[in-house]
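Please look over the structure shown here, with attention to the helices and the chain contact discussed below.

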Amino acid sequence: MGPDVIVVGGGNAALAAAITARRAGADVLLLERAPLHMRGGNTRHTRDIRFAHDVPLPAAPGAYLVEEFFEDLIRVTGGATNRELAELTLRESMTLPAWMEAQGILWQRALTGTLHLSRTNLFFLGGGKQLVNAYYDTAARLGVRIRYDASVVALSNGGAHAGGTARDGGGTRVGGVVLDSGERIACRAVVAAAGGFEADVAWLKEYWGDAADNFVIRGTPHNTGLVLRALYALGAKPVGDPREFHATACDARAPRFDGGIVTRIDAIPFGIVVNARGERFYDEGEELWPKRYAIWGKLIAQQPQQTAFVMYDAKVHGRFIPSAFPALRAGSAGELAALMGLDASAVTATVAAYNAAIVSGGTFDPSALDDCATRGLTPPKSHWALPLDTPPFYGYAMRTGITFTYLGVEVTAGACVVSEGGTPFENLYAAGECMAGNILSRGYLAGFGLTIGTVFGRIAGKEAARHARS
Amino acid sequence: MLDPDAVAEAERQFSVCNACRYCEGFCAVFPAAEARTAFAGGDIAYLANLCHDCRMCFDACPFTPPHEYAVNIPQLLAAARTQTYERYGWPRAFARLLRVPAAGTASIAALALVVLVGAAVASGGTAAFFAPHAGPGAFYRVFSFAALVSGALLLTAFGLLAIAMGAVAFARDIGLPKFSAPAFARATHEAFALVYLRGGGAGCYDERRGSSSRRLMHGFVFWGFLAAFASTTAAGIEQDVLGILPPFPLLSVPVVLGVVGGVAILAGAAGLIVLKSRSDPAPQSTRMIVLDYTFLAVLALVALSGLLLLALRSTAAMGSLLGIHLALLVALYLTAPYGKFVHFVYRYLSLVKHAQEARTSQSASNGGSHP
């Protein structure tokens, strides 16, 4: 006899589901596709979680009310969110810190150093892999069975349950899972929490063509959407735009997969960005960097060869967190252009036009929307526009670095997967990136993926255990 | 300066850390590294000794081998620490002897044993060496009082001088700032409380993650060592000031302190050896492991031989046990400036520098220069 509950996946949402189901008394088997050293999916690369709170906390100064959280979500998604699920997530987020602490999570305390604690997010000590480690330790201690290198390729149809109707294809049950080895494991309920499909370049090409060959996948190579495909094959209803992904500007030298946070380029507001033709294409000083860094991945994806180049000079060197790779360095803008493989005269002309368009008399202030701007330049640089005139000049070649995809399956407030016909499956649940698109259909809120994953992981684990034991 | 290849590798790995910064809550090393964009040999010596080897950063790092970034800060810094001990060891030729720590230490102990026993037998004869002795001055009927006292003084003076020479060279290389009482106070607190073996609250990554075993065992060894040291001091006072010759009665200050210290050292060292054998070897440096085991073994043997000597001091085994105990002490003293023993000296100086840097950066950020 198989376990009560199979959790497919091994990141934050999967672990939250497995721990919750186990605590509810279910016999739980967690199937992680990655080997042990790569366990945890993209949670390995996270570092903080967004949560609502009425009162300031030692590790999160200032209150962050559900209402404000909701406004932030509406702002970044343009209102495209399932309101019921969104409100549920934000409400439940208030209970996350205490729950996480009970699973062994420690918080990062305020330092005199570089980390600025956030009002809206809690930072866990040691980052995402440490969170993953704590959750696996807790799960193992509770008696969750864990298998690594266990890749689920299909969900077996368990037939229609008593109340189901054949007409709408709904009300079906899942009977268990099929691994890539051909092994079948039967169970009473399945929680799918195996991430998105960003690491399947062929799948990305369906929407992006050969441009996808130039994308970097910032996270795990194991998020190839196998479980998403299995869900669709069983009749689950898709949600989210398959073309959409979250992406940042990454160092072009980043590894194809799993380069993590350290290849992110934070230099953009401090300089100018040109494309392969040596031309500027977007306002580098549009908004404060934390509010805009997430648009640059997509902007670069739309440039020739999906490549762009940021250039800055000695005046601002060292004012932002560097990439893990050293910046290119040259005595003039033309030499830097040549180092980056660009037409030196085109770049020199772009820099000259930019320098000439800067309004004089501005006061540079990287912590605010300052009054250093260009006039009469297209596109403009609205803030932090300093002339590129002080050697050495520095530059990075940049590519699109995909963080996650938005495509998923529709779920109910009980984390039940909804079928194409609109009826929930009887014993199939989803949590994490593979259903986050219900709530965050586009845009980005730092630490919100973990919020959705933990909230729905807990719901899915509780519901799956309840179903399996009823 | 440390080996240039090691410095280049440290620079490479820390450039990953400085772009990530997830570990900065664990200890002082990461905030200190973030304050630097280029690393000289002195910087690596500083960071290496600031590291208390809790290894939580290894456990928390998504970029450890087999990831192509191959980040392994605890191993890198442990290897650099072994280079520190050799590079700053004085005299240099002597420090190089300890490139083979276990064999070097054992050779010194064996040589010392031969010399000690040889001298004892030559002056007092074989029969006296293997005979039981009792009453005040019993030890000195086997080993000459003058030789023992002058030998102990010479060894102590040499050890202190060698450690001081190393400390001065190290302080110069890492750029230790001028004396500042608050920095020394903070460093002293951090050293005694072993703050950075707490992993920012997470503990150590040893036999399991979040372990506090090493901090506990280290405490046994450290306080045991201080008790043993106090025992020796008390014995010196009884003998040279009060004129009471050893062996001292069981309920005397030197014997009680010695027993407490010896048992604590033995328990702590044995605990650390077991802990080490059960810990993940991945974040460790093989060279440091050898230094660790060597030092722990010598300490444990000194404690064990001392306790045995106490138990059997009125028997015919006293001469042999005293010879072994003294030979082990000679080895401990002579290797101290270049082996694991010396770690606390370089680490303390690094803590002082860090405390000073933290004060400076705090006043800078208070001034509002932080963007």
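Which residue just after α11(B) takes a positive phi? Gly243(B) does, with a phi of about 70°. This is a predicted model, in which local features need pLDDT of at least 70 and side-chain atom pairs count only at pLDDT 80 or more, while totals for chains, interfaces and linings use all residues. Residues are numbered from 1 along each chain as its sequence is written, and chains are lettered from A and ligands numbered from 1 in the order in which they are written.

## Helix α11 of chain B

## Helices α1 and α5 of chain B

Helix α1(B), residues 4-20, packs against α5(B), residues 73-87, at an angle of about 150°, with the axes 11 Å apart (axes are lines fitted to C-alpha atoms over the stretch in contact, and angles run from 0 to 180 degrees between N-to-C directions). The two helices are therefore roughly antiparallel to each other, a term for angles over 145 degrees. Among the residues making the contact are Ala6(B) and Cys17(B) of α1(B) and Ile73(B) and Gln83(B) of α5(B), where contact requires C-beta atoms, placed from the backbone, within 7 Å.

## Where chain B touches chain A

In chain B, 31 residues are in contact with 31 residues of chain A, and α1(B) gives the most to that side of chain B, with five residues.

How values were computed
Helix = DSSP H or I, 4+ residues; strand = E, 2+ residues; numbered from the N terminus. Parallel < 35°, antiparallel > 145°, perpendicular 65-115°, else oblique. Contact = placed C-beta atoms within 7 Å.
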